[in-house]
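I opened this structure to look up how one chain is built and how two chains meet. My notes follow.

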Amino acid sequence: MFRMQIFWTALFHRSLLLGGVWTSLTGAEALALGGLVTALAVWLSLRLLPATHPLVLWRAVRHIPRFIAGSVDGGVDVARRAFSPNMRLRPGWLEVQTDLPDGARVVLGGELSLMPGTLAAGSEDGKLLVHVLDTDAGFDNAIPREAEDIATIIGHKPKARP
Amino acid sequence: MADIATYVLTGLGLVFFIAGTVGLIRFPDQFSRLHALTKGDNLGLGFIALGVAFQTETWAQVAMLLLIWGLALLAAGTVSQLVARAAVSESQKP
């Protein structure tokens with residue numbers, strides 16, 4: 001029952017996404033062909049990447065303002081450092097423990113790479129390797145919050161730690 | 001009015017693209033350089049898309065600009081991770 005629910009939500013979300021892409025590319029012309037192409041694309045996407053988690057769309061949408069604010073912060077921070085004479089760089093590495101599933105960990109890495117001062121470099125044994133631009137600036141404080149947001153978007157419940 | 005918004009926003013976008021490039025040249029190691037490229041270009045493209053959006057005539061064109069920015073974001077986040085990962089495993093080689 002739960003699995004079917006995940007399947008149908010994924011079908012709905014992906015139809016919405018891919019249908020939206022078709023509509024914006026064609027300017028709402030050729031809708032019959034668009035419907036066919038969208039259906040095919042959704043079928044292919046569900047085959048290649050079966051849904052495993054119940055994605056909560058409104059939580060993803062609610063996350064967008066934070067993401068954009070973080071992108072702006074990240075860009076401004078890096079621009080200020082690039083133009084300032086001494087750049088104030090103190091690069092270092094962090095290992096972030098996370099129990100997010102594989103796909104979500106990649107999403108977290110991609111997002112962190114656009115947030116201020118952090119850059120993901122893949123993961124090892126479930127730990128995300130994060131490069132920090134300035135170890136004194138407290139960039140890493142934002143990481144748990146991002147991970148938590150992504151976990152709630154995909155409806156992932158953290159395993160209880162002993 | 002719309003023209004002024006376009007000038008200001010695309011101008012800002014260019015500043016961030018230049019910042020990304022300056023960072024790529026000035027920053028000391030390959031990981032710091034990746035920071036500059038991904039974050040600078042992401043914001044630069046965002047401002048340019050926003051600026052161009054003031055010249056559009058239909059909502060479909062706005063949607064297309066959003067799509068372009070979204071896809072570029074996705075690519076930036078993914079590619080920077082791949083490049084960083086490759087650089088890590090390269091530097092760990094004996």
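I took helices (H or I, at least four residues) and strands (E, at least two) as DSSP runs, numbered from the N terminus. The model is predicted, and local features need pLDDT of at least 70, side-chain atom pairs count only at pLDDT 80 or more, and totals for chains, interfaces and linings use all residues. Residues are numbered from 1 along each chain as its sequence is written, while chains are lettered from A and ligands numbered from 1 in the order in which they are written.

Chain B, elements. I read the order from the N terminus on as α-α-α. Chain B has three helices and zero strands.

Chain B, dimensions. I looked up the radius of gyration (over C-alpha atoms) and found 16 Å for chain B, whereas a compact globule of 94 residues would have one near 12 Å (the globule rule is 2.2 Å times the number of residues to the power 0.38). The C-alpha trace of chain B spans about 60 × 25 × 10 Å along its principal axes.

Chain B, burial. I counted a residue as buried if 20 or more other C-beta atoms, placed from the backbone, lie within 10 Å of its own. Of the 94 residues in chain B, 34% are buried.

Contact of chains A and B. I called two residues in contact if their C-beta atoms, placed from the backbone, lie within 7 Å. Chain A gives 29 residues to the contact and chain B gives 33 residues. Helix 3 of chain A supplies the largest share of the side of chain A that touches chain B, with nine residues.

How values were computed
Buried ≥ 20, exposed ≤ 12 C-beta atoms within 10 Å, placed from the backbone.
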